[in-house]
Amino acid sequence: MTGNHRSDLSTFGELLRQHRLAAGLIQEELAERAGLSARGISDLERGARSHPHRETVQLLADALGLSGAARSAFVRAAPRAIGRAAARHERTAAHFPLPLTPLIGRHQEWEAVSRLLRDNAVRLVTLTGPGGVGKTRLALAVAETLGDAFPNGLIFVDLAPQRDPGLLLPHVATTLGLRETAGRSLTDVVQDFLSERDVLLLLDNFEHVLQAAPVVSDLLAAAPLVKVLTTSRAPLRVRGEREYPVPVLRLPTAKDARDITGLAANEAIAFFVDRAQAVQPNFALTSGNAAAVIEICQRLDGLPLALELAAARVKFLPPSTLRARLGTRLPLLTGGTRDAPDRQRTLRDTIAWSYDLLSPEARILFHRLGVFVGGWTLEAAEAVANLEGDLDVLEGLSSLADLSLIHLDESGPEPRYGMLETIREFAQERLVTSGEEAAVRGTHATHFLGLAEQAKPHLNGAEQRAWLRRLEEEHPNFRAALDVLTASDDPEAHLRLAASLGLFWWMRAHLAEGRARLERALAHANRPIPDRADALTAIGRIVTSQGELATGETWLRESEALARSLDDPALRWQALFEWGQAVDYAGDDERATALYEAALAVAHELNDAQAGSVVLWALSEVAYGRGDLETAGRLNEETKGLLRSAGDEFMLSLCLTTEGGVALGCGDLPRAIVAYQEALKLALGIEMNWVIASALAGFAGVTAAEGNLIAAAQLLGAAETMRVASDQDRFANYHHQAQTMRVVREALGEPAFITEWEAGRALSIDEAVNLPRIFGFYPEPTR
């Protein structure tokens, strides 16, 4: 038998070498193609490695391009492991579990971890992440593929049952079939056994024995050929460790969602569908259930365990019903498979597994942080969660991050912390039972009221872009604060917050939400105070933008009267200007001019050049609408300089669209193009879809003047896409857009115009903003 075994080895090694040479590959090239090590290829060809894994054989066959009979012969030639060396390998490999489900997605993660373990300088890799993210499954996939890089095999040690760090070494010894002998400690026995062995030791679920991390360091020092791959909710924090945080599954993008084929290839969607088909074989992703499946994956943050538990419900709940029941996630996400570990039978148990590892102080911080929605900054955590100055917040955040209960996002201008929604729901449950809920929610509302009031004056100045972005990031927290204040006995605090957010809601196109919030706040706070006048102007501005001009004028008239009675010229200027806008949109340019001139007088009284420049822009628009291009251009030029000095990018972008319209009307196309280019650049920077729409409509006017009517119609359609995205009733430069629309429609004829306009209208937002580049207005993509 031994002779036959060696003959098989020689045959396989020789066959591998023959196929490699026939493919014109050196060992290193074949190794790179197959995702293996060059040493592993060499050992197989020389017969030094006796039993390639079946996955390794398949990888080699793929890399060599073998098919048909040649592939079958190659696979059959791979010898089975027998003999003493093979028996030793089988003893270690027998402890290595074979996954019962396919690995879906994770190609980037698999490649990254495999690359780390192939690096000779790396001896210890720890996969970290929250419970249920798939650390173990990824580790098994990586180890299975790299098996042939470790001649003495793979050793899997499940530490989930262990709670005593002192039992780590005995547990490893038991797995290896070792025991103490007379005169030799267990440490010596294990280290001697591994000292000359080239193995991968996979230590699974290390988080409960973290204090035993030095044992791993000692083992690596004593066994220079050993590498260790651990999975843990927290890093080991020993020298030489390379931590790899395992992310949740990738969620579908807007582009993925546009067709079923692209959607089905997304990691989170493919995982959900696979697990759903395990319980309901005829389940399929269709155009009818795609929206529900997307939302389920999004609301569960792409967390594999949560998706698996949800998919198990598809057997008796269609995706649309399942989606509707995810308002509270934890009660629904139960009923894991019977062979799953106890900690993974329900999502609540999985999270509790990590929670139980926290110190008492960290548990308090954790449940207080559950009040945040959509994340928080360090500053916010210190202001809200440290109720009585009783916690070391920074140290607590470090502990929570170590156990993957929170994550750090450094992609923005300021680092932010966050929780997966399922973990946040668990934290909120603990907050309710702690008896601190009312105090924590009140502190949270007070903090975000202060932030909104701090932000408001910056929305018209040089820091406009940064503050708009910050308010958008914190919008979920503002919503939570508003909900708390709505139910509180302090209606004026509620009004202050709503009024402070009014301009943000309008600029960021949260019109329906802003209107509802402001109506509620105004209904509960009737006292004639400045905040009420501010809120009246905010709702008047929003309602006007929604096209309800008479209603908007009613709100603004009340605001102006209240501001006058309070003798508050700043509030009165604001009300007069917005009132003028409502009347202007209604087509009454004479009354609009009178209101704008009154607002300009108040601006002079305030000695506020920026307020005056805003009114001058409005007057230039009135002049443009009357066809007085000379006056429109003169007023607009004066306005532009003042707005540049103030750093108000939003109003400057509006001013530039007016400049483009004036230049276009005068036949100065190069000047119009430059103005629209800058307007579009500014609008993209502050994410103002309304002004983006107006710039696109401006480019449509230019292309029409150049005689390219098809491009003009498509640009008008793209502009409509952006206007709808902004939730505005009309374009900022509606005088210009209406004129271009009329000219292009008449020149093309109704059927041709509608066809091209619909083509532009069908574009996505990203495609719409890049249309000017396609038509030659930009050398590079605009977005």
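In helix H13, Ala268, Phe271, Phe272, Arg275, Ala276 and Val279 meet Pro304, Leu307, Glu308, Ala310 and Ala311 of H15 (contact: heavy atoms within 4.5 Å). These residues divide into 9 nonpolar, no polar and 2 charged (Ala, Val, Leu, Ile, Met, Phe, Trp, Tyr, Cys and Pro are nonpolar; Asp, Glu, Lys and Arg are charged; the others, Gly among them, are polar). The model is predicted: local features need pLDDT of at least 70, side-chain atom pairs count only at pLDDT 80 or more, and totals for chains, interfaces and linings use all residues. Residues are numbered from 1 along each chain as its sequence is written, and side-chain values use heavy atoms, with hydrogens and water left out.

H13 (residues 267-279) and H15 (residues 304-311) pack at about 35°, axes 8 Å apart (helices: DSSP runs of H or I, at least four residues, numbered from the N terminus; axes: lines fitted to C-alpha atoms over the stretch in contact, with angles from 0 to 180 degrees between N-to-C directions).

The second largest pocket holds about 770 Å³ of space (pocket: on a 1 Å grid over the protein atoms alone, an open set of points where a 1.4 Å probe fits, with protein on both sides within 12 Å along at least five of seven lines; lining residues have an atom within 4 Å of a point; volume: the space filled by probe spheres set on the points). Its lining comprises 31 residues; Asn460, Leu503, Arg541, Trp573 and Gln574 lie nearest the centre. H29 gives the most to this lining, 8 residues.

Terms used:
Helices (H or I, at least four residues) and strands (E, at least two) are DSSP runs, numbered from the N terminus.
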